[in-house]
Every structure is written in C-alpha cells, then in structure tokens.
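Open the model in your viewer and keep the selection tool at hand. The tour goes from one selection to the next and says what is found at each stop.

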Amino acid sequence: MSIARVRTTPLPGVGVQYDLTTREQRHLSVIAHRDGSRSLNVYRSDDPDACSQAFRLTAEESAALVDALTPAHHNPGLLHTTDLGLVAERLPVDGTSYWNGRLLGETRMRTETGASIVAVLRRTGAVPSPAPDFRLAGGDTLIVIGTREGVDAAAAILGRE
C-alpha cells in the first residue's frame, strides 16, 4: 500500500491549497480559504491541470465531509488515531457540569486515566498545556490525548454529575 502524498501551497491573501494525486492518478485539491470555507476541486483525467469540477463548501459542510470520510465518523469528537494506539478527542464541559468553575487539577485526570489534557478551547481562544490551577468553565472543550480506554475514562470523569 502506498502512502498518500499531499502537496501544500500557500496562496497569499487566499489561504492554502492542498493537492493530492490518487493511486488512480486522479488529481484533487482543496483550497482552505481564510474565511473558513473550502473549495474542493476535481481535475480531468486526460489533463490533470484542467479542473473539471469545483465545489465551494462552507465550514460546516467541510466538517460534515471530513466526518463522512473519517473511518470513525460515528464519533465527531475523534481527532486522530495513530499506529501507537493513541487518540486525541474533544471533550466538552457543559455549563451545568460538576466541573464548571472547578480547577483542572481537581479532576485528577492524568492520575486516574493516564490521559493528558493538552489544551482547552474557549470562546476567547485556546489555552495550550493548561496548569492544574486552570479554572474550567462551561462551554470549554478539552483536547485530551491518551489510549482509547484512557480517553473514555476521561470522558466519564467529565460526565460526572
């Protein structure tokens, strides 16, 4: 099995273009526009430089397409699985959560599950490598990395009533 190769080209003022040639020698590209939308382009088989179809997708449509193409599409929070057996997943903190307003260290997440919280996404931005004294808030999304079992255990801790 060959490894898919993607060529990345910055498009100043537009975004980034990702080009892929399939094993059947078909040329596809995705342009990630700065506004969050995407253009999916399919090129002619007889002329890989001539675009035969182009689709403009909103950010939501792009996310739905990624979800449909991902083997674990039944789990929209799953970010990536590696050959090492690790997964990274987005785990939300609900506004009515037991953890809303509590310190991250109180979860004892790493100690209890072996999973690591590598970032917290908040409306105001991302907080990479949050310290144990970081105060959680409703609406936060925790980026958790660990084994499948560890991440599932972390989700159970966050789901505590």
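Two residues are in contact when they have heavy atoms within 4.5 Å of each other. Keep in mind that this is a predicted model.

**Stop 1: Ser62.** Select residues 59–69, which form helix 1, and pick out Ser62 in that helix. Is Ser62 buried or exposed? Ser62 has a relative accessible area of 12%, and buried means under 20%, so Ser62 counts as buried. Now show what surrounds Ser62: apart from residues up to four places away in sequence, Ser62 touches Arg38 and Leu57.

**Stop 2: Gln17.** Move to strand 2, residues 15–21, where Gln17 lies. Gln17 is buried too, with a relative accessible area of 16%. Which residues are in contact with Gln17, leaving aside neighbours within four places in sequence? They are Arg7, Thr8, Thr9, Leu11, Ser29, Val30, Ile31 and Tyr43. Then select His33 as well and draw a distance between the two C-alpha atoms: Gln17 and His33 are 8.6 Å apart in space, and 16 residues apart in sequence.

**Stop 3: helix 3.** Select residues 148–158, which make up helix 3, and colour its buried residues Gly150, Val151, Ala154, Ile157 and Leu158. Turn the view until you look down the axis of helix 3: the buried residues fall within an arc of 115°, so they line one face of the helix. On the face turned away from that buried side, find the exposed residues Glu149 and Ala156. Next, show strand 7 (86–92), helix 2 (109–113) and strand 10 (141–147), against which the buried residues of helix 3 pack.

**Stop 4: the largest nonpolar core.** This core has 17 residues, and those touching the most other members are Ile117, Leu142, Val144 and Leu158. Strand 7, strand 8 (116–122), strand 10 and helix 3 each supply at least two residues of the core. Which element gives the most? Helix 3 does, with four residues.

**Stop 5: a patch on the surface.** Finish by selecting Leu86, Val118 and Ile145, which form a nonpolar patch on the surface. Together the three have about 180 Å² of accessible area. Ile145 belongs to strand 10. With a relative accessible area of 32%, Ile145 is partly exposed.

Note on methods: Residues numbered from 1 in each chain as written. Predicted model: local features only at pLDDT ≥ 70, side-chain atom pairs only at ≥ 80, totals over all residues. Heavy atoms only, no water. Buried < 20%, exposed > 50% of the residue type's maximum accessible area, 1.4 Å probe, protein only. Arc of directions from axis to C-beta. Core = buried A, V, L, I, M, F, W, Y, C linked by side-chain atoms within 4.5 Å. Patch = residues over 30% accessible without salt bridge, like charges linked within 9 Å, V, L, I, M, F, W, Y side chains within 5 Å. Areas by Shrake-Rupley, 256 points an atom, 1.4 Å probe, with all protein chains shown as cover. Salt bridge = Lys/Arg side-chain N within 4 Å of Asp/Glu carboxyl O.
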